[in-house]
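Here is a short report on side-chain contacts. Take a look at the chain before reading on.

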Amino acid sequence: MMRTIVTTIALLALAACGRGDKDATDTADAGGNVTNYVAEVGTLNVPQRNAVFFRAIRDAGLPCQNVTGSEQIAAPAQRPMWRARCEDGAAHLIQVMPDGTANVVSRATP
């Protein structure tokens, strides 16, 4: 059995102020600043990306003490899918949306 949890991840550290290269995956905030969260997550180094995924998993209410690894497994329609592994071996699928929302899919525990 799978369950899907949608959570908003705080990617304020990733925000790029005043970018002019807006495309279909870019999102403008109330101040007019444009951020493409999909692209920003893709450019993070491994520890930063794992920290973002850790926050998404925890914000979804799932148990995880540390994300020990992550890998991109698909890139459908400008929305990559990532597999994040926690220290207990649990794997969670995470898809970052252009607005910074993360869809977290995890197996339900028995």
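At 26% relative accessibility, Arg83 counts as partly exposed. This is a predicted model. Arg83 meets the side chain of Glu71 in a salt bridge, 2.5 Å from N to O. That pair links distant parts of the chain: Glu71 sits in strand 4 (residues 67-74) and Arg83 in strand 5, twelve residues apart. Glu71 is partly exposed too, with a relative accessible area of 39%.

The structure holds two salt bridges. The other joins Arg55 and Asp59. Both of these residues lie in helix 2, four residues apart, about one turn of the helix. Arg55 is partly exposed at 39% relative accessible area. Asp59 is partly exposed as well, at 37%.

| Salt bridge | N to O distance |
|---|---|
| Arg55 and Asp59 | 2.9 Å |
| Glu71 and Arg83 | 2.5 Å |

Now for the nonpolar side chains. The largest nonpolar core has 18 residues. Among those with the most contacts inside it are Phe53, Ile57 and Val104. Helix 1 (37-43), helix 2 (46-59), strand 5 (81-86), strand 6 (91-96) and strand 7 (101-107) each give two or more residues to this core. Helix 2 gives the most, with four residues.

Phe53 also takes part in an aromatic pair, with Trp82. The count of such pairs comes to one. The Phe53 and Trp82 rings are tilted, 5.6 Å centre to centre, with 50 degrees between the planes. This pair links distant parts of the chain: Phe53 is in helix 2 and Trp82 in strand 5, 29 residues apart. Phe53 and Trp82 are both buried.

Conventions:
Residues numbered from 1 in each chain as written. Predicted model: local features only at pLDDT ≥ 70, side-chain atom pairs only at ≥ 80, totals over all residues. Heavy atoms only, no water. Core = buried A, V, L, I, M, F, W, Y, C linked by side-chain atoms within 4.5 Å. Buried < 20%, exposed > 50% of the residue type's maximum accessible area, 1.4 Å probe, protein only. Phe/Tyr/Trp six-rings, centres within 6.5 Å; stacked < 30°, edge-to-face > 60°. Salt bridge = Lys/Arg side-chain N within 4 Å of Asp/Glu carboxyl O.
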